[in-house]
Amino acid sequence: MELWTEGEPAMLCSLFFISFISTATSFEMKTIYCTISDSCDCDFNPNIQGLEWDLYKNVYGQHLAQEIVSESVASFLKKTNPDRPLVLSFHGASGTGKSMVSTMLGRHLYGTAMGSPYIHQFVPTLHFPLADRVKRYRSDLKRWVQGNLTACARSIFIFDEMEKMPTGLIDVLEPFLGPSHVVFQTNYRKAIYIFISTAGQEVISKVALENIRAGQDREEIQLKELEEPILDSVYNNQKSGFYHSRIILEKRITHVVPFLPLRQRHVERCAQREMCQRGECQRKDVAKAVGGVVTYTPQDGQHFSSTGCKLVPAKVNLFL
């Protein structure tokens with residue numbers, strides 16, 4: 001008995017070959033489609049309402065960061081064809097919530113904190129540890145960013161510990177942050193860049209301390225009091241990754257996001273959240289105790305936690 005008639009084997013082989021080629025190239029075709037289509041965007045699934053709620057519920061004492069991040073992201077995503085990427089620069093002391101907010105952005109834009117292949121985090125001490133290799137690092141960074149933008153226009157790039165970034169390295173990104181640079185096969189202007197730094201914290205603490213001594217509410221501090229002084233500080237600070245940077249000179253940063261130093265009540269809220277995560281919400285006494293053992297500055301007033309909420313989990317362990 002014949003299993004197929006004359007000519008059918010060739011036709012079946014052709015169909016198998018076409019199916020194989022289709023499967024092998026489907027990821028590549030999706031990648032290309034994602035770079036040019038407004039309806040794909042590489043698994044991009046923004047939840048702006050969720051982001052706003054998360055910022056309101058879990059970020060303490062940071063009214064400026066809450067407002068700037070939620071409003072700037074929402075406004076940026078409303079544009080189907082933005083004229084430039086969204087560039088946010090987070091500044092403030094350790095433990096004030098900078099990394100937490102960047103994680104929230106990943107979670108509410110891609111549905112995962114840092115697990116998406118389209119969220120890229122760079123840490124100078126890990127990725128750029130040697131100051132004498134800046135030329136090589138510049139070449140590598142440019143290639144990495146351009147390659148990831150080609151794969152997904154909605155890429156998110158996070159640069160942590162900018163105060164440890166080798167001088168001159170980050171300027172290789174300046175063309176990507178403006179309105180005129182071209183990246184083949186992608187709308188690079190859909191990307192989001194986040195810079196995280198402790199540089200500028202002295203400026204922020206000074207304004208926050210003046211606010212207290214003037215008897216004003218913390219929420220009365222406005223961005224206009226901080227934005228230019230922060231940019232001037234990091235631009236002229238030799239220990240800043242933005243030292244004499246063209247990114248600042250050419251005004252490529254969309255928004256400066258100040259994170260204010262935290263007071264004892266904010267530390268206690270962090271401790272209370274930690275207790276709830278451990279199933280011990282009723283232990284308000286522990287939250288109060290943690291707030292009492294944290295070190296505060298300056299010496300003549302002891303208004304601000306010297307480590308923000310960074311040491312709260314370890315301090316909670318002392319009372320459990």
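A: A contact here means heavy atoms within 4.5 Å. In this predicted model, Leu109 touches Phe44, Asn45, Pro46, Ile48, Val73, Leu77, Ile156 and Ile192, with residues up to four places away in sequence not counted.

Q: Why is Leu109 called buried?
A: Buried means under 20% relative accessible area. Leu109 has a relative accessible area of 1%, so Leu109 is buried. Leu109 is located in helix α4 (residues 98-110). Between Leu109 and Asn47 the C-alpha to C-alpha distance is 6.1 Å, although 62 residues separate them in sequence.

Q: What makes the pair of Tyr110 and Tyr118 tilted?
A: The structure holds 12 aromatic pairs. For Tyr110 and Tyr118, the ring centres are 5.8 Å apart and the planes stand at 35°. Ring centres must lie within 6.5 Å for a pair, and planes under 30 degrees apart count as stacked, those over 60 as edge-to-face and the rest as tilted. The pair is therefore tilted. Both Tyr110 and Tyr118 are buried.

Q: Why is the pair of Phe128 and Trp144 tilted?
A: The centres of these two rings are 6.4 Å apart and their planes are at 35°, so the pair of Phe128 and Trp144 is tilted.

Q: What does the pair of Phe128 and Trp144 tie together?
A: Phe128 lies in the loop between α5 (124-127) and α6 (134-151), whereas Trp144 lies in helix α6, so the pair ties together parts that are 16 residues apart in sequence. Phe128 and Trp144 also belong to one aromatic cluster, whose members include Phe122, Tyr137, Phe159, Phe195 and Phe242.

Q: Why does Phe128 count as buried, and why is Trp144 called partly exposed?
A: The cut-offs are under 20% for buried and over 50% for exposed, with partly exposed in between. Phe128 has 1% relative accessibility and therefore counts as buried. Trp144 has a relative accessible area of 34%, so Trp144 is partly exposed.

Q: Why does Leu318 count as exposed?
A: Exposed means over 50% relative accessible area. Leu318 is at 62% relative accessibility and therefore counts as exposed. Leu318 is found in helix α13 (residues 312-318). Together with Val293 and Phe319, Leu318 forms a nonpolar patch on the surface, with about 270 Å² of accessible area in total.

Q: What pLDDT does the chain average, and what is the pLDDT over residues 1-40?
A: The chain averages a pLDDT of 88, and 87% of the residues score at least 70. Over residues 1-40 the pLDDT is below 50, and this stretch has 22 contacts in the model beyond near neighbours in sequence.

Definitions and conventions
Residues numbered from 1 in each chain as written. Predicted model: local features only at pLDDT ≥ 70, side-chain atom pairs only at ≥ 80, totals over all residues. Heavy atoms only, no water. Patch = residues over 30% accessible without salt bridge, like charges linked within 9 Å, V, L, I, M, F, W, Y side chains within 5 Å. Areas by Shrake-Rupley, 256 points an atom, 1.4 Å probe, with all protein chains shown as cover. Salt bridge = Lys/Arg side-chain N within 4 Å of Asp/Glu carboxyl O. Helix = DSSP H or I, 4+ residues; strand = E, 2+ residues; numbered from the N terminus. Buried < 20%, exposed > 50% of the residue type's maximum accessible area, 1.4 Å probe, protein only. pLDDT = per-residue confidence, 0-100. Phe/Tyr/Trp six-rings, centres within 6.5 Å; stacked < 30°, edge-to-face > 60°.
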